Amino acid sequence: MAERLSAEARRQAIGGLSGWTEIEGRDAIAKTFVFKDFNEAFGFMTRAALVAEKMDHHPEWRNVYKTVEVVLSTHDAGGVTALDIELAKTMNAIARLTPG
Ligand code: H2B
């Protein structure tokens with residue numbers, strides 16, 4: 001099972017991840033993605049969902065029109081692990097490839 005990252009390792013990892021921040025009062029990381037319209041936002045979610053399912057590691061997320069709020073944490077470990085960092089990186093890459 002993936003191990004929770006130390007506070008220092010977590011800070012270092014998200015330092016290299018554009019737009020991701022630590023959540024206050026919870027061992028989790030978050031990013032709000034804003035796209036051109038709903039079509040782009042949902043396209044992003046569809047691509048990210050396929051990766052998440054393959055990883056067996058799933059985001060907490062909320063979509064309102066062109067905005068997707070994402071929270072990542074490893075529930076089985078009770079905090080942020082390397083799996084969250086990997087999924088965050090992949091989501092950034094998918095967002096970069098999403099036109100708009
Ligand atoms: N997603 C996340 N974010 N955290 C988990 O601990 C987790 C998951 N565990 N997806 C997986 C599914 C687990 O429940 C299954 C049984 O592998």
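Visitor: Is the crossing of helix 2 and helix 3 left-handed or right-handed?
Guide: The crossing of helix 2 and helix 3 is right-handed, a term used when the near helix is turned clockwise from the far one by less than a right angle. This is a predicted model, in which local features need pLDDT of at least 70, side-chain atom pairs count only at pLDDT 80 or more, and totals for chains, interfaces and linings use all residues. Residues are numbered from 1 along each chain as its sequence is written, and side-chain values use heavy atoms, leaving out hydrogens and water.

Visitor: At what angle do the axes of helix 2 and helix 3 cross?
Guide: The axes of helix 2 (residues 38-55) and helix 3 (residues 82-97) cross at roughly 150 degrees and come within 10 Å. Axes are lines fitted to C-alpha atoms, over the stretch in contact for helices, with angles from 0 to 180 degrees between N-to-C directions. Helices (H or I, at least four residues) and strands (E, at least two) are DSSP runs numbered from the N terminus.

Visitor: And Ala48, buried or exposed?
Guide: Ala48 lies in helix 2 and is buried, at 0% relative accessible area (buried is under 20%, exposed over 50%, partly exposed in between, with a 1.4 Å probe and protein chains only).

Visitor: Changing topic, how many salt bridges does the structure hold?
Guide: The structure holds 8 salt bridges, each a side-chain nitrogen of Lys or Arg within 4 Å of a carboxyl oxygen of Asp or Glu. One of them joins Arg26 to Glu60, at 2.7 Å from N to O. That pair links distant parts of the chain, with Arg26 in the loop between strand 1 and strand 2 and Glu60 in strand 3, 34 residues apart.

Visitor: How accessible are Arg26 and Glu60?
Guide: Arg26 is partly exposed at 37% relative accessibility, and Glu60 is partly exposed at 26%. Elsewhere, salt bridges that share partners join Arg4, Arg10, Glu22 and Asp27 into one network.

Visitor: What about Asp27 and Arg4, how far apart are the closest N and O atoms?
Guide: The closest N and O atoms of the Asp27–Arg4 salt bridge are 2.9 Å apart. Asp27 sits in the loop between strand 1 (21-22) and strand 2 (29-34), and Arg4 in the segment before helix 1 (7-15), 23 residues apart. Asp27 is buried, with a relative accessible area of 14%.
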